[in-house]
Amino acid sequence: MTRVLHVLDHSLPLHSGYTFRTRAILTAQQAAGIEVRGITGMRHEAESAPVETHDGLIFHRTPGTASGPVALREWREISALSDAIEKLAQDWRPDVLHAHSPALGGAAALKAGRKLGIPVVYEIRAFWEDAAVGNGTGKAGSAKYRLTRALENRVVSGADAVFTICHGLRDDLIARGHPAGKIGIMPNGVDLSLFGDPPPRHDALAAELGFADGAPVFGYVGSFYDYEGLDDLIAAMPELLASEAEAQLLLVGGGPMDEALRTQAAASPAAASIHFTGRVPHSDVERYYSLIDILAYPRKASRLTDLVTPLKPLEAMAQGRLVAASDVGGHRELMKDGETGMLFAPDDPESIARELALMIADRSGWDAMCERASAHVAAHHDWAQNIRRYQDVYQTLLAPAARTGLSHAA
């Protein structure tokens, strides 16, 4: 039985799109007969035991906290994680190291893999220098931006195989000069066993929030980062109310933009129709989904949103929910305008209001669109099927000829 050690930035019990994707991958691989474990670096910011089990998955931790100036601190993180991988490998003996971005984890896996003679797969979920720009913690073209990009290129060059989550990221790597044949795509996916028919409307919750029967509800479920464009969605509400007087906006989640968005909403003429729930337990999210007629994802246009596909729209589509999203590259990879969802201009509250009003005014095609969206997810984004792409690559890397090459390289 193949053993795969996944090298991670952070993991459960923390909740994020990153940890949910990890859980889906590891769970699907376990179901397919692969032995899996995860190991996190020093940036897993949670009080943790050296070894933990969450949702039936085993995670090992790297002890300590890195310190020092930029570059030296990151090198210490890489070295500590590499040492932790080597120590674990002495007992558990993985066949493959499967590292997930950021590049710090990939660099640690490469360092350990070369010493141990174990093949390394590196998977990129986003370019973290662009993510830093998108969430306001970095600047495009800065020294840190360039260093992060250079480390990414080094890890991609050194890995035995590379995956990205979408075409945008893969195309960018190829444009940098990396060989196309080395880079596969593992798209964001969902565990379809978790989704059935859309949940019935939770009338008690609707009454608690003050939603009248038949009032159209637009909603967003996820993290509140600047690049998500929730300020544009809030800014669209006054115009939307002019055509749909009972419209309500339900924002479920939290994040760095939470306070700014609440302030903006409180100052809006539409304030009474905008509702924040804060972060809610994962087990309660379905109750809020049940109230939402149209899930809206108004991501701003940027390098990050053009290259990276988000997870939440797929989850909504898998549940048979109607999705409207901004017309950026990451969304265009997930849905086709007018067939599996609706697209509106990014960074444009008037376009958001106009398209959402048109959708509410004509509900005749809703059921068919939801069915097409759900079928698209089942055909292209089912983890149970997609993890076979990993297995094909693992088998190639573990073939005798490949193993001989690795032992010589080590």
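At what angle do helix 8 and helix 14 pack? Before we look, note that this is a predicted model, where local features need pLDDT of at least 70, side-chain atom pairs count only at pLDDT 80 or more, and totals for chains, interfaces and linings use all residues. Residues are numbered from 1 along each chain as its sequence is written, and side-chain values use heavy atoms, leaving out hydrogens and water.

Now to the helices, which are DSSP runs of H or I with at least four residues, numbered from the N terminus. Helix 8 (residues 230–243) and helix 14 (residues 349–361) pack at about 50 degrees, with their axes 8 Å apart. Axes are lines fitted to C-alpha atoms over the stretch in contact, and angles run from 0 to 180 degrees between N-to-C directions. The two helices are therefore oblique to each other; angles under 35 degrees count as roughly parallel, over 145 as roughly antiparallel, 65 to 115 as roughly perpendicular, and the rest as oblique. Contact means heavy atoms within 4.5 Å, and the residues that make it include Leu233 and Leu240 of helix 8 and Ile352 and Leu356 of helix 14.

You can find another pair in helix 2 (residues 72–92) and helix 3 (residues 103–116), whose axes come within 8 Å and cross at roughly 45 degrees. Helix 2 and helix 3 are therefore oblique to each other as well. Among the residues that meet here are Trp75, Ile78 and Leu81 in helix 2, and Leu104, Ala108 and Leu116 in helix 3.
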